[in-house]
Amino acid sequence: MKPKNPIFIILISIFIVFSCSKETIIEEEIINENNNKIYFPPINSNAWETESISKLGWNETQLNPLFTFLEEKNTKSFIILYNGKIVVEKYFNNHNSNSVWYWASAGKTLTSTVVGIAQDENLLDISNKVSDYLGNGWTTAPLLKENLISSKNLLSMNSGLDDNLGDDVSPSNLKYIADAGERWAYHNVYVKLQDVIEKSTNQSFTSYFNLKLRDKIGMTGLWRNTGDLSVYWSNSRSMARFGLMILAEGKWNETQIVSKNFLNEATNTSQQINKSYGYLWWLNGKSSYHLPQSQFEFQGTLIKNAPIEMFAALGKNDQKIYIIPSKKLVIIRMGDAASSSNFALSTFDEDLWGKINLLIN
């Protein structure tokens with residue numbers, strides 16, 4: 001039998017090695033893609049996959065000290081998601097996974113998101129003046145000044161309306177103090193965005209919210225009017241679902257709930273007075289910030305212990321949603337005030353992040 005051509009044998013060997021290597025690379029790419037893919041818990045189910053602290057390489061010895069700290073600071077629930085999966089979920093002080101609690105101003109981000117959805121559907125434009133939707137006279141500001149106020153101003157907290165008159169948003173209590181865009185002030189007037197939603201969609205804010213956001217991501221909960229405030233109440237996992245959707249750049253599985261473009265605007269500096277504020281979101285890592293009920297500019301970043309890129313929903317008495325995209329983290333805290341009552345930021349943020357860093361780093 002005539003021997004085979006040695007060059008042919010070499011070529012076949014190279015082809016086999018190359019094919020095997022290519023298959024291995026493809027398999028590794030599939031594995032890496034699956035590992036990097038965000039997990040979404042199913043709708044209408046209590047099922048939620050978990051991830052172990054040990055697999056993530058976190059310092060498990062710091063978990064119990066974190067729990068002790070949280071319990072001492074009047075916490076009711078605490079959740080950490082990594083890439084959508086639950087790593088830590090703990091309840092304290094007679095709270096459980098079914099208990100509902102108020103979001104306070106952390107719920108402002110729900111309103112912001114729904115405004116984004118309505119804009120995505122071409123039902124409104126945040127650059128338009130609020131009067132286009134609510135008509136003239138929704139404030140007592142002179143008409144020329146009222147017509148300077150856009151929905152974007154309400155999202156950015158720079159309407160120019162007087163924030164020293166309380167939470168009442170009836171026209172008689174919404175008084176001119178500066179031109180829109182010239183003054184940042186934490187003001188309940190943002191809630192007029194819910195009226196803008198109603199006028200632009202021809203349905204109640206609650207109905208539109210439930211249809212376009214809540215039900216699509218499997219949240220539960222409801223809005224309650226408390227005096228002049230519109231406050232969302234839900235269990236802690238519903239808050240985590242919302243945070244997860246935001247981490248996923250507005251998607252839930254393959255469904256785009258709110259556009260990535262809007263969220264990018266919402267979670268970046270919305271005006272130059274308070275650089276640490278987006279569209280009702282608080283932003284870390286900026287050069288300065290303002291706080292509620294103050295016109296003073298503080299130098300430095302919002303929460304020094306937290307990752308620079310973090311953005312957050314912050315509510316009265318330390319309701320928290322922290323989102324850190326590069327670390328694939330969503331962190332939830334609900335409860336009573338850790339110490340004294342506060343409107344958004346408190347010393348608890350710094351202290352809590354000191355404990356979290358010991359766990360995850």
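Visitor: What do E12 and E13 form, and how many residues lie between them?

Guide: E12 and E13 form a hairpin with four residues between them. In the turn, Lys328 has a positive phi of about 60 degrees. This is a predicted model, in which local features need pLDDT of at least 70, side-chain atom pairs count only at pLDDT 80 or more, and totals for chains, interfaces and linings use all residues. Residues are numbered from 1 along each chain as its sequence is written, and side-chain values use heavy atoms, with hydrogens and water left out.

Visitor: Why are E12 and E13 called paired strands?

Guide: Strands (E, at least two residues) are DSSP runs numbered from the N terminus, as are helices (H or I, at least four residues). Two strands pair if DSSP finds at least two bridges between them. Five bridges join E12 (residues 319–324) to E13, and the two run antiparallel, so they meet the definition of a pair. Ile323 stands opposite Val330 in E13.

Visitor: What makes E1 a partner of E13?

Guide: E1 (residues 75–82) and E13 have seven bridges in the antiparallel sense, and the definition asks for at least two, so they pair. Phe78 has Arg333 in E13 as its bridge partner.

Visitor: How do you know whether E13 is mostly covered or exposed?

Guide: Buried means under 20% relative accessible area, exposed over 50%, and partly exposed in between, with a 1.4 Å probe and protein chains only. In E13 (residues 329–335), seven of its seven residues are buried, so each of them falls under the 20% limit.

Visitor: Which residues point each way from E13?

Guide: Leu329, Ile331, Arg333 and Gly335 point one way, and Val330, Ile332 and Met334 point the other way. In a regular strand the side chains alternate between the two faces of the sheet.

Visitor: What makes a space a pocket, and what volume does the largest pocket have?

Guide: On a 1 Å grid over the protein atoms alone, a pocket is an open set of points where a 1.4 Å probe fits, with protein on both sides within 12 Å along at least five of seven lines. A volume is the space filled by probe spheres set on the points, which are joined across faces, edges and corners. For the largest pocket the volume is about 600 Å³. Of its 22 lining residues (an atom within 4 Å of a point), the closest to the centre are Ser105, Lys108, Asp167, Leu229 and Phe343.

Visitor: Which strand gives the most to this lining of the largest pocket?

Guide: Strand E5 (residues 229–234) gives the most, with four residues.
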